[in-house]
Every structure is written in C-alpha cells, then in structure tokens.
Amino acid sequence: MGLCAAAAPLWGSPGLLLALALHPALALRTHRDYCVLGAGPAGLQMAYFLQRAGRDYAVFERSAGPGSFFTRYPRHRKLISINKRHTGKVNAEFNLRHDWNSLLSHDSRLLFRHYSRAYFPDASDMVRYLGDFAQNLGLHVLYNTTIAHVTLDKDGQAWNGHYFILTDHKGQAYRCSVLLVATGLSVPNQVDFPGSEYVEGYESVSINPKDFEGQNVLILGRGNSAFETAENILGVTNFIHMLSRSRVRLSWATHYVGDLRAINNGLLDTYQLKSLDGLLESHLEDLAIVKDPEGKLHVTLRFLVEDANQSAEAVALPQDDNDNFALRVAYDRVISCLGWNFNFSIFNSSLRLSSGGALSKKYPLIKASYESKGSRGLFVLGTASHSVDYRKSAGGFIHGFRYTVRAVHRLLEHRHHGIAWPSTVRPITQLTSAIIRRVNEASGLYQMFSVLADIVLLKENAAAFEYLEEFPMQMLAQLETLTGRQARHGLFVISLEYGRNYSGPDKDVFFYDRSVGYMQDAWQSNFLHPVIYFYRQLPTEQEVRFRPADWPLPRPTAIHHILEDFLTDWTAPVGHILPLRRFLENCLDTDLRNFYAESCFRFALTRQKLPPFCQQGYLRMQGLVGTEHLRRHGVESGLLQDYVTTGRTPGHHELEGHPLAPGPTAQPLDTKKHEL
C-alpha cells in the first residue's frame with residue numbers, strides 16, 4: 001500500500017505508527033513503472049528503449065558510474081569482443097554484425113568504433129563508452145544506490161498482481177510495477193575442497209608478471225579467464241599446469257564466443273609443443289591441497305585428507321603409491337579461475353528465482369521470453385539471461401543481448417501499453433526480396449542465430465504479408481499473445497543456423513569437404529546460413545516443447561535451407577534467390593515473379609488465375625511506368641521489339657514508345673534514380 005492510501009488511518013492506528021517507526025522507508029516509498037537493476041550494458045540498453053518510449057523508469061546502480069564491472073574486469077584489461085571498424089560496407093545494420101561492443105541507439109556518434117581503434121579494445125574504453133552513452137542520452141540512473149533487498153507486495157491493482165519492493169542500503173524503499181534485472185554475473189564460482197583456503201581467486205590475484213617469476217603455478221579452470229591469466233605469466237613461470245573437470249572447448253569448433261578464444265590460447269601451443277606447460281582433467285571436488293612447512297602446495301586426493309586431525313606432513317600423497325602421478329610436483333601458487341555466478345542474495349525467496357538445479361545456481365530461472373518462471377513481471381537481461389541460449393548463441397554478450405533486450409521491451413510495450421510488435425505489411429510479390437534483404441543485412445538474426453527469428457504472417461489468400469523482426473523462436477506458440485499480431489493464414493519463420501552436426505568441442509571444423517557448393521545439397525550446409533520454416537498454422541506449446549532434439553522449432557510443413565556462402569552474401573540470382581523464390585511459390589501455390597504489362601495482358605486472356613504481380617499492378621493500372629530509358633534498355637537487352645525500326649504502332653494498351661504498362665503517358669522523370 002502506498003503512502004497516499006495509508007494517509008487516512010495514519011493517526012488512528014498505533015500498529016501502523018509502530019510499523020512506520022520500525023520501517024521508515026515504508027513512508028518514503030517511491031513508485032516507478034519500470035525499475036532496472038544495474039547500469040551495465042544491458043541495463044543502459046533497456047533504459048534507452050524505455051526512454052525513447054516515454055516510460056516511467058529508473059536505473060539503480062551501486063557504483064558512481066555505469067559499467068562498474070569493466071572498471072575491474074577483465075583483470076588484464078583486454079576485451080575479447082571484437083571491434084571491427086572496417087567492413088567495406090556502408091550499411092549500418094550490416095556493420096553491427098561485426099561490432100560486438102556498441103549498444104543500439106539512434107545516435108551514430110555512440111558507436112564503439114569512435115572510442116577505440118584496437119581490434120580487441122581495452123576495458124577502460126568500454127567504461128568511457130558506457131559513461132557517454134548514459135550521459136549523452138540523458139538516461140535516468142541513480143548512482144551510488146545499492147539495492148540490498150528485493151521482495152514482493154501483492155496487490156490486485158498492480159499490473160502483474162503484485163509490486164516489487166526494492167530497499168536500498170540507506171533503507172529507502174522503491175515500489176516497481178516491472179522489475180528488470182541486469183546485474184550480470186558477479187559472484188566468483190568456488191569449489192569447496194580441503195585446502196581451498198590456499199587458493200587465490202582470479203578476482204584478487206596479482207596481475208604483475210614479476211610476482212610469478214621462477215614459480216610453479218597451477219590454475220583451476222578452463223575458460224577465457226583461466227587462459228587470460230596464463231597468457232599474462234606464460235613467459236616468466238617455470239611452468240603452468242591447468243586443471244579442470246572438462247576438456248578445453250575451442251570457440252572456433254563450438255561456434256560459441258564464450259569458449260576459449262584464439263587470442264588467449266598460447267598455453268595450448270606450449271603444451272603441445274613440449275614446453276613444460278600442460279592441461280589435465282579431473283573433478284576438482286575429488287582433490288585436496290595441502291601446504292608443507294616450506295609453504296609449497298601439494299595436490300592430493302580428498303579421501304586421503306578426510307581425517308582433519310592429520311598434519312600436512314602426515315597426509316599421504318598420491319605419488320607415495322603411484323610415482324607417476326601427474327601432479328606430483330609442488331606448486332608455489334594455485335589460482336582459481338572458475339567463472340561467475342548470479343548474485344541471488346538480495347532477492348527474497350518469494351521471487352523464486354532459483355530452482356536449486358545445477359544451471360540455476362549460475363543463472364536465474366527464466367523462460368525463453370526472459371521473464372522469471374516464478375514471478376510475473378520480473379525480467380532478466382544481459383549476461384544473467386544467458387541460460388536461454390547457454391553455449392548455443394551470443395545472448396550472454398553485448399552483441400547478442402542488445403537484441404534480446406529490445407525483444408523484451410517490445411513484449412512489455414504490448415503487454416502494458418497495448419502497442420503491438422512493430423511490423424510492416426507488404427504485397428506478397430515483395431516477399432522474396434524482403435527475406436533476402438534481412439538475411440543479408442540483419443545483425444540481430446546474425447548474432448542471435450537459432451534464438452531470434454523473423455516472422456512472416458500471411459494475410460488472407462496470401463495476397464500480402466506482415467513482417468515481424470527478431471522474435472524469440474521458442475515463444476512461437478505464444479506469438480499472438482505476446483505481439484498482438486494474428487497468425488491465421490500461415491506463417492514463415494526465418495532464422496540463421498549452423499549445420500546440425502558441425503559444431504562441438506570434438507568436431508574438426510576444418511575438414512577438407514566442409515563446404516557445400518550445390519543448390520540441391522543446401523540442406524547439408526555447415527556454416528551459418530538462412531533457414532526458412534513454413535507452417536500452415538501456428539505451432540502449439542506442446543509441439544514447441546516436444547520438438548525434435550537439436551531443432552530450434554517443431555517440424556514444419558516445409559523447410560528450406562539457403563545455400564551457405566563463403567562471403568555470407570546470399571544474393572546470387574541462381575544459387576540463392578531462385579531456389580528461395582521457388583520454395584515460397586510452392587508453399588503459397590502462386591507465382592511470385594514480376595511481369596511486364598505485355599505478359600500480364602496475355603495471362604489475363606489465357607489463365608483463370610493471374611499472378612499476384614499482375615493482380616496488384618496491371619489490373620489496377622499500377623504496373624511499371626514506361627519511359628524512353630526503360631524502352632531502350634528493353635530493346636538493347638532483347639526483351640522488347642524496337643517498334644521504331646519496325647514501323648509498327650503500339651497497341652491500345654501500350655504507352656507511346658514503350659509497351660510496358662497501360663494507362664496515361666508517363667511524365668518525364670528527372671533522373672535515372674527516379675526512373676528505377
């Protein structure tokens with residue numbers, strides 16, 4: 001209950017007076033329609049969309065400025081998100097495919113390429129960029145405000161049946177209709193085993209290579225932070241051993257940008273080229289570390305130290321029984337680089353953000369729409385939302401979640417403000433060109449492959465279509481509810497996907513015949529390529545849930561793969577466009593080609609059903625406009641007869657000098673640009 005509602009009985013209720021005395025924040029509660037936790041990239045991206053829409057919102061940030069994570073991490077300051085400043089293209093949407101750091105905005109000055117010339121930028125450049133993004137766009141951020149607790153306040157008048165009550169470190173309370181959590185992953189992942197107190201964490205270990213000169217170092221972990229740490233000290237240590245439960249996952253093999261990147265994998269060279277360093281696999285929970293009187297650290301097995309009364313000298317070591325034990329050497333340093341977890345501590349259990357499962361210890365429990373499974377109106381954004389596409393796509397990184405944040409905003413606009421998902425309606429004759437344009441330019445499809453998809457909703461009799469961009473694929477069954485658009489006459493789903501058996505830590509992605517070059521084999525394409533699904537009706541939730549393994553969607557009525565292309569340029573008239581057009585025509589049972597008026601006139605006399613282009617153009621006197629330039633082009637290309645040289649007179653339905661379309665004589669056009 002808000003302050004105004006409580007004002008009437010304020011003086012007549014001793015219980016209420018006592019409650020206010022004990023909880024003064026209740027009397028100072030501030031309401032916001034939207035509360036965003038965290039002013040990192042995801043929080044600022046959502047703030048931008050909310051501000052552009054004119055919504056009531058506030059961003060809560062515990063630090064004095066945005067992007068506080070990047071003020072400290074990565075520890076060695078080099079980002080692994082690429083900053084490709086040159087592509088040879090001028091299309092801004094296409095260029096975002098290769099810009100992994102910029103947030104979405106209307107201001108071209110707020111592109112990351114203006115902040116760094118480095119391909120792998122310094123983290124301080126990201127801090128500076130986020131600061132300018134927040135300031136230049138005038139985003140509403142409350143800095144130095146640490147939210148210490150979040151709980152629910154049930155209220156039937158609230159948008160979602162309850163309000164979210166946020167209490168900061170000063171006891172000030174804020175009431176929010178919708179809570180958008182963009183706090184990232186900030187809690188170091190730790191494994192509890194005997195001797196773990198001797199382990200230094202990635203978050204605090206020295207980054208000065210001189211501190212490791214001549215030392216034996218053991219690193220726990222197998223991700224980019226582990227290899228980043230190793231890369232920093234590789235040239236000064238005696239040797240580095242790296243221990244993890246799983247084998248190394250190379251990003252070029254898995255096509256997952258969160259796996260080991262080439263920029264950090266120097267240790268793989270020194271291991272395989274016999275330079276003392278090495279990688280081992282073992283479950284960390286089965287190990288233990290003991291310190292000898294000289295301060296050296298020894299790795300042993302957990303069951304050997306279960307007796308807590310034993311001194312370090314008395315603990316048996318594996319090499320006592322097996323003189324070939326791999327980790328029999330003593331180490332000077334053991335460093336833990338095991339990644340990060342979501343901070344659940346500030347959220348009341350009533351929010352039900354965690355189920356206790358293995359993955360939900362790292363990430364909050366959310367739906368494919370990024371809404372919490374336990375609390376309606378609570379959405380998780382950015383890195384913390386990565387459970388939706390973990391190790392599948394780029395949703396945990398800026399170049400991916402800038403698009404999932406926009407998708408969440410569009411869902412909220414429809415749910416709470418009645419604004420349907422943005423769309424464009426076009427005649428069916430433009431369907432092929434619309435799809436070709438999007439698969440060649442769209443960055444959201446390109447980065448969030450197999451997660452976000454464009455949706456084409458067919459109108460009655462397939463005379464037109466409605467085009468929706470970047471909808472979460474796994475929410476397809478709820479498309480009408482979430483977008484406010486109707487899918488009554490069939491639909492196409494357009495996504496980008498890798499080949500089903502091409503990605504994985506054990507895959508050889510450089511095998512000799514890895515590419516497909518023939519149209520009839522397009523379905524076997526391995527590299528990222530467009531896939532179009534056709535459904536006669538919207539799939540049900542059960543069909544989506546029980547879809548075939550490794551399929552992003554249920555089995556469609558028909559499916560088409562556009563042939564993979566080395567340049568990721570799907571504009572070849574014969575190899576890409578023609579097969580797509582024929583697929584669409586087969587699904588729609590119509591002819592999607594464009595025709596000159598002469599052909600439409602002939603079809604009108606010889607066919608019962610005219611192609612859509614003739615119906616929408618010729619019969620409505622909206623065909624191609626005749627000009628002298630087009631007439632000459634038609635004659636020179638052999639498509640038209642030269643009536644001037646033959647002496648024939650154009651017929652009644654032909655423009656003077658050009659038989660392209662009926663109607664009055666076209667007015668002369670100023671330029672060839674207008675003519676085309």
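**Group meeting: a walk through the model**

Let's start with helix α10, residues 431-441, which is mostly covered: eight of its eleven residues are buried. Buried means under 20% relative accessible area, with exposed over 50% and partly exposed in between, using a 1.4 Å probe and protein chains only. The buried set is Leu431, Thr432, Ala434, Ile435, Ile436, Arg438, Val439 and Asn440. Helices here are DSSP runs of H or I, at least four residues; strands are E, at least two; both are numbered from the N terminus.

Some ground rules. This is a predicted model, where local features need pLDDT of at least 70, side-chain atom pairs count only at pLDDT 80 or more, and totals for chains, interfaces and linings use all residues. Residues are numbered from 1 along each chain as its sequence is written, and side-chain values use heavy atoms, with hydrogens and water left out.

The whole chain next. It holds 19 helices and 22 strands. Of its 676 residues, 50% count as buried.

Now the sheet. Five strands run in the order β8-β14-β9-β10-β11, open, with parallel pairing. Two strands pair if DSSP finds at least two bridges between them. Which strands stand at the edges? β8 (200-201) and β11 (278-281): each has a single partner strand, so one side of each lacks a neighbour in the sheet. β8 pairs with β14 (residues 333-336) over two bridges, in the parallel sense. There, glycine 201 stands opposite serine 336.

On to asparagine 160. It sits in the loop between β4 (147-154) and β5 (162-168). Why does asparagine 160 count as buried? Because its relative accessibility is 9%. Its side chain reaches the backbone oxygen of serine 177 at 3.2 Å. Beyond four places in sequence, asparagine 160 has contacts (heavy atoms within 4.5 Å) with Ser177, Val178, Arg376, Gly377, Arg415 and His416.

Last, the rings. Phe, Tyr and Trp rings (for Trp, the six-membered one) pair if their centres lie within 6.5 Å; planes under 30 degrees apart are stacked, over 60 edge-to-face, the rest tilted. That rule gives 29 aromatic pairs. Tyrosine 115 and tyrosine 129 are edge-to-face, 5.2 Å centre to centre, with 80° between the planes. Tyrosine 115 is in the loop between α4 (92-95) and α5 (123-136), and tyrosine 129 is in α5, so the pair ties together parts 14 residues apart in sequence. Both tyrosine 115 and tyrosine 129 are buried. Ring pairs also link them into a cluster with Tyr48, Phe49, Phe112 and Phe133.

Notes
Polar contact = N/O pair within 3.5 Å; in protein donor to acceptor, adjacent residues only side chain to side chain.
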